[in-house]
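Here is a briefing on one protein chain. Keep the sequence and the 3D view open while you read.

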Amino acid sequence: MTDKEILAELKKSYEYLQDIRENGCFDHCNGQMANNLDLLDLTISNVATIYYDFYETLDKEELRVPILERKFNDKVYIARNVDGDYEVGNKLNSITCGDTDYYWYEDNDFIE
């Protein structure tokens, strides 16, 4: 498994858990997860920590997203935090997958 594959799987896990969290509470559905919200929140937090810790061990240049660099005329990187998507330029401006209509963690050619 490549480093980007690990990041992608952590990102997907985070997104799935967030979806369960948001849609399984009393605010959105039937509150099916009410008895497990604390554990679910802890799990989400742990995935975020693992993602960040692993990200910090990687060569940042390996995390560049060339397909987006042409669009922004600057270097674009996978975000260092799992709740983000991309960081652009030296100021690390944040952009989302929705902004670009490109989901790096679903692009098998990119992550492999």
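**Aromatic cluster**

Tyr103 is partly exposed, with 33% relative accessibility. The model is predicted.

- Tyr105 is buried, at 8% relative accessibility.
- Trp104 is buried as well, at 0% relative accessibility.
- A pair of aromatic rings is described by the distance of the centres and the angle of the planes.
- The model holds three aromatic pairs.
- Tyr103 and Tyr105 make an edge-to-face pair, with 6.0 Å centre to centre and 90° between the planes.
- Trp104 and Tyr105 have ring centres 5.7 Å apart and planes at 85°, so this pair is edge-to-face.
- Ring pairs join Tyr103, Trp104 and Tyr105 into a cluster.

**Nonpolar core**

- The largest nonpolar core contains 27 residues.
- Tyr51, Val65, Ile78, Tyr86 and Trp104 have the most contacts inside this core.
- At least two core residues come from each of helix 1, helix 2, strand 1, strand 2 and helix 5.
- Ile78 is in contact with Lys4, Tyr51, Tyr55, Leu63, Val65, Asp85, Glu87, Trp104 and Phe110, leaving aside neighbours within four places in sequence.

**Helix 1**

- Helix 1 covers residues 3–23.
- Its 21 residues should span 30 Å at 1.5 Å a residue, and the end C-alpha atoms of helix 1 are 30 Å apart, which agrees.
- The buried residues of helix 1 are Lys4, Glu5, Leu7, Ala8, Leu10, Lys11, Lys12, Tyr14 and Leu17.
- Helix 2, strand 1 and helix 5 (108–111) are among the parts that cover these buried residues.

**Helix 2**

- Leu37, Leu40, Ile44, Val47, Tyr51 and Tyr55 are the buried residues of helix 2.
- Seen down the axis of helix 2, these buried residues fall within an arc of 85°, so they line one face of the helix.
- An α-helix has 3.6 residues a turn, so residues three or four places apart point the same way.
- Exposed residues Asp38 and Leu39 sit on the face of helix 2 turned away from its buried side.
- The cover over the buried residues of helix 2 includes helix 1, strand 1 and strand 2.

**Two buried residues**

- Val82 lies in the loop between strand 1 and strand 2.
- Val82 is buried, with a relative accessible area of 3%.
- Setting aside neighbours within four places in sequence, Val82 is in contact with Leu10, Lys11, Tyr14, Glu15, Ala48 and Tyr51.
- Val82 and Ile44 are 38 residues apart along the chain, and their C-alpha atoms are separated by 10.0 Å.
- Glu69 is in helix 3.
- Glu69 is buried, with a relative accessible area of 13%.
- Not counting residues up to four places away in sequence, Glu69 touches Arg64, Asp74, Lys75 and Val76.

**Salt bridges**

- Side chains of opposite charge can pair when their charged atoms come close.
- The count comes to 10 salt bridges.
- One of them joins Glu87 and Lys60, with the closest N and O atoms 3.3 Å apart.
- Glu87 lies in strand 2 (residues 86–88) and Lys60 in the loop between helix 2 (37–55) and helix 3 (66–72), so the pair ties together parts that are 27 residues apart in sequence.
- Glu87 is buried at 7% relative accessibility, whereas Lys60 is partly exposed at 24%.
- Arg64 and Glu61 meet in a salt bridge at 3.1 Å, N to O.
- Arg64 is partly exposed, with a relative accessible area of 25%, and Glu61 is partly exposed at 37% relative accessibility.
- Glu61 also forms a salt bridge with Lys75, with the closest N and O atoms 3.9 Å apart.
- Glu61 is in the loop between helix 2 and helix 3 and Lys75 in the loop between helix 3 and strand 1 (76–78), so this pair ties together parts that are 14 residues apart in sequence.
- Lys75 is partly exposed, at 36% relative accessibility.
- Shared partners join Glu56, Lys60, Arg80 and Glu87 into one salt-bridge network.

Methods: Residues are numbered from 1 along each chain as its sequence is written. This is a predicted model: local features need pLDDT of at least 70, side-chain atom pairs count only at pLDDT 80 or more; totals for chains, interfaces and linings use all residues. Side-chain values use heavy atoms; hydrogens and water are left out. A salt bridge is a side-chain nitrogen of Lys or Arg within 4 Å of a carboxyl oxygen of Asp or Glu. Helices (H or I, at least four residues) and strands (E, at least two) are DSSP runs, numbered from the N terminus. Buried means under 20% relative accessible area, exposed over 50%, partly exposed in between (1.4 Å probe, protein chains only). Contact means heavy atoms within 4.5 Å. The expected span of a helix is 1.5 Å times one less than its number of residues. The arc is that of the directions from the helix axis to the C-beta atoms. A nonpolar core is a set of buried Ala, Val, Leu, Ile, Met, Phe, Trp, Tyr and Cys residues joined through side-chain atoms within 4.5 Å. Rings of Phe, Tyr and Trp (its six-membered ring) pair if their centres lie within 6.5 Å; planes under 30 degrees apart count as stacked, over 60 as edge-to-face and the rest as tilted.
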